[in-house]
Amino acid sequence: MATPVKVYGPPLSTAVSRVLVTLLEKDVPFQIIPVDMSKGEHKKPDYLKIQPFGQVPAFQDESISLFESRSICRYVCEKYADRGYKGLYGTNPLEKASIDQWVEAEGQSFGPSSGALVFQLAFAPRMNIPQDQGVIKQNEEKLGKVLDIYEQRLGESRFLAGDELTFADLSHLPNGDYLVNATDKGHLFTSRENVGRWWNEISDRESWKKVIEMRKSG
């Protein structure tokens, strides 16, 4: 590769860390471009040219720009299919469809409830924002129901999309890590036998350990 791809945003961001773990699994060189959101840098005109919604991450690969973390990850898996871990996004239409359905489950079912808990329990205290116990209770119940479905699925296969690790599994790492390691809700994962096994396996990836180190140093 001639020029490292650029990832805009802090590794502390769940969406940014989703992109970083994918790049590491695919062995794609990258450069993290800091975006100081506390200073409103994500709303400045130059940044809005590559991320029109003023969020992180934004992504550049030579002349192309992308936003939305899951789309960026799919692009990385497809463009650099012959690099790093080759099965991350499947090798045929059926495998890709199976991966996509679990990525959609993460984005539409796991993500909203886990994200609400991460904000209330991990980020709100740092930002001096009062926690909403009603929101916490409601989303803990919602996430529990999602993980019950995962528990059944993971009793049938080693990973969500089959017996090989894929992007569908990696996509759960950012929110999951905060819940397990930075809140008192880790039992939602560890109390479920199959979910707990799966979580321990995916969170022990060297790629994710490197992202955690980036979060700490960032």
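This is a predicted model: local features need pLDDT of at least 70, side-chain atom pairs count only at pLDDT 80 or more; totals for chains, interfaces and linings use all residues.
User: Why does the radius of gyration agree with a compact globule?
Analyst: A compact globule of 218 residues would have a radius of gyration near 17 Å, and the protein chain has 17 Å, so the two agree. The C-alpha trace spans about 45 × 45 × 25 Å along its principal axes.

User: What share of the residues is buried?
Analyst: Buried residues account for 49% of the 218 in the protein chain. The accessible surface is about 10,700 Å², and carbon and sulfur atoms contribute 51% of that area.

User: Let us look at single residues. Where is Ser13, and is it buried or exposed?
Analyst: Ser13 sits in the loop between strand 1 (5–8) and helix 1 (14–25). Its relative accessible area is 15%, and buried means under 20%, so Ser13 is buried.

User: Which backbone nitrogen lies 3.3 Å from a polar atom of its side chain?
Analyst: That is the backbone nitrogen of Ala15.

User: And Asn175, which residues does it touch?
Analyst: Leaving aside residues up to four places away in sequence, Asn175 touches Thr14, Phe110, Gly111, Ser114, Gly115 and Val118. Asn175 belongs to helix 7 (residues 173–182), and at 8% relative accessibility Asn175 counts as buried.

User: Now the backbone. Which peptide bond is cis?
Analyst: The bond from Val56 to Pro57 is cis, with omega near 5 degrees. Pro57 is in the loop between helix 2 (45–48) and strand 3 (58–61). For context, most peptide bonds are trans, and most residues other than glycine have a negative phi.

User: What is phi for Asp27?
Analyst: Asp27 has a positive phi, near 55 degrees, and is not a glycine. This residue lies in the loop between helix 1 and strand 2 (30–33). Asp27 is partly exposed, at 48% relative accessibility.

User: And where is Asn128, and what is its phi?
Analyst: Asn128 is in the loop between helix 4 (93–123) and helix 5 (133–153). Although Asn128 is not a glycine, its phi is positive, about 60 degrees. Its relative accessibility is 70%, and exposed means over 50%, so Asn128 counts as exposed.

Definitions and conventions. Residues are numbered from 1 along each chain as its sequence is written. Side-chain values use heavy atoms; hydrogens and water are left out. The radius of gyration is taken over C-alpha atoms; the globule rule is 2.2 Å times the number of residues to the power 0.38. Buried means under 20% relative accessible area, exposed over 50%, partly exposed in between (1.4 Å probe, protein chains only). Accessible areas come from the Shrake-Rupley method with a 1.4 Å probe; for residues, only the protein chains shown count as cover. Helices (H or I, at least four residues) and strands (E, at least two) are DSSP runs, numbered from the N terminus. A polar contact is a pair of N or O atoms within 3.5 Å; within protein, one must be able to donate a hydrogen and the other to accept it, and residues adjacent in sequence count only if both atoms are side-chain atoms. Contact means heavy atoms within 4.5 Å.
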